[in-house]
Amino acid sequence: MADREGLTGIVTKVLGGFFFVYHEGRIYRCVARGRLRRRDREAGVRTSQIVPGDRVRFAPLSLQEGVIEQTLPRRRELSRPLHGDPDRLQVIAANVDQACVVFAARAPDPEPHAIDRFLALAEASGLGHLLCFNKCDLADVSPLSTLYERAGYRVLRTSTRTGEGLDALRRALSGHLTVIAGPSGVGKSSLVNALAPQARRTVGEVGRRGRGRHTTTTAELLPVGADAFVVDTPGVQVLELVHLDPNTVRRAFLEIREVGTQCAFADCRHRQEPGCAVRRAVLEGRIAGSRYDSYLTLLAEAEEGERRRYR
């Protein structure tokens, strides 16, 4: 869209001080005005860092280059604390409306606590979410799939070797700007390559200890259909939720949030409070014990972060 201030586009990649901006099927390599760079240094990474998904106004200098004049307000952002410091946030992507959390059926084996951590961050960030078990040609993930489907999540099973589930994944991504999130080695780049062959993301092998090797070093926005983009992110082994307050964590687990409305106290944190419907549901098997354990762990992290902020 053109106006007096130039064109409006979306940032697809940030690399070496350049911002690659998509506009009507063309990619422009842009630099940012000096005033934007100065504002970044003054404000820090919490508010001003330009990341994939940001909408910007830019002035084209040619058919391939331009200058970013203005960043437009973000609808939301996906972030994590830097080195566990809740006052320094790294924004992973902006303006995404959905998260696709990817774990492998095997190599590396899926860890329920890590799955819960990724799903909780997506929910707390206000994103729609789906859980994708990749490499399903290597192992049966039916028990885990059932566990998360019962908890209220949409679950997909995929394999880039056999093509299983790829059409369903394309349909789930259609009409969305989706962040692909998950640990290294689970096949995120392979999935992106299968959905968008022009992406040619580098694919790595799993290391000797079963941990994935990082192959994606910069986040990038990639088209995977006429009306779908994904943000492929650098592999992340652990996401800390210390920048979230305890009340946000209480709402970040779908089934715990739903059952929690039946607790005797509205501010119940589901530990030892009397009349806690969540603990009763865990004892009765209506909420998985692994999910409850993850909730308690993340709640404790959020409480510790809150204490550190108010020291």
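Predicted model: local features only at pLDDT ≥ 70, side-chain atom pairs only at ≥ 80, totals over all residues.
**Overall content**

The protein has nine helices and 14 strands. Of its 311 residues, 50% are buried. When contacts between residues at least 6 apart in sequence are taken together, 63% of them join residues at least 24 apart.

**Strand β10 and its residues**

Strand β10 covers residues 128–134, and Asn 134 belongs to this strand. Asn 134 has a relative accessibility of 2%, so it counts as buried, the cut-off being under 20%. Beyond its neighbours within four places in sequence, Asn 134 is in contact with several stretches of the chain: Val 102, Phe 103, Ala 104 and Ala 105, then Thr 158, Ser 159 and Thr 160, and also Val 186, Gly 187 and Leu 191. Leu 166 is 32 residues away from Asn 134 along the chain, and the C-alpha atoms of the two are separated by 10.0 Å.

His 129 is placed in strand β10 as well. Its relative accessible area is 17%, and His 129 is therefore buried. The side chain of His 129 makes a polar contact of 2.6 Å with the side chain of Glu 123. Leaving out residues up to four places away in sequence, His 129 touches Ala 99, Ala 122, Glu 123, Tyr 153 and Leu 254.

**Backbone features in the loops**

Most residues other than glycine have a negative phi, and most peptide bonds are trans. The model has exceptions in loops on either side of strand β9. Asn 95, in the loop between β8 (85–94) and β9, has a positive phi of about 65° although it is not a glycine. Lys 135, in the loop between β10 and α3 (142–151), likewise is not a glycine and has a positive phi of about 60°. The table sets these two residues side by side.

| Residue | Phi | Relative accessibility | State |
|---|---|---|---|
| Asn 95 | about 65° | 3% | buried |
| Lys 135 | about 60° | 17% | buried |

The peptide bond from Ala 107 to Pro 108 is cis, with omega near 5°. Pro 108 lies in the loop between β9 (98–104) and α2.

**The pairing of α2 and α9**

How do helices α2 and α9 cross, and at what angle? Helix α2 spans residues 112–124 and helix α9 spans residues 289–309; their axes come within 9 Å and cross at roughly 60°. That angle makes α2 oblique to α9. The crossing is right-handed. On the α2 side, the contact is made by Pro 112, His 113, Asp 116, Arg 117, Leu 119 and Ala 120. On the α9 side, the residues are Ser 290, Arg 291, Ser 294, Thr 297, Leu 298 and Glu 301. Sorted by type, the residues of this contact divide into four nonpolar, four polar and four charged.

Terms used: Residues numbered from 1 in each chain as written. Heavy atoms only, no water. Helix = DSSP H or I, 4+ residues; strand = E, 2+ residues; numbered from the N terminus. Buried < 20%, exposed > 50% of the residue type's maximum accessible area, 1.4 Å probe, protein only. Contact = heavy atoms within 4.5 Å. Axes fitted to C-alpha atoms, helices over the stretch in contact; angles between N-to-C directions. Parallel < 35°, antiparallel > 145°, perpendicular 65-115°, else oblique. Left-handed = near helix turned anticlockwise from the far one by under 90°. Nonpolar A, V, L, I, M, F, W, Y, C, P; charged D, E, K, R; others polar. Polar contact = N/O pair within 3.5 Å; in protein donor to acceptor, adjacent residues only side chain to side chain.
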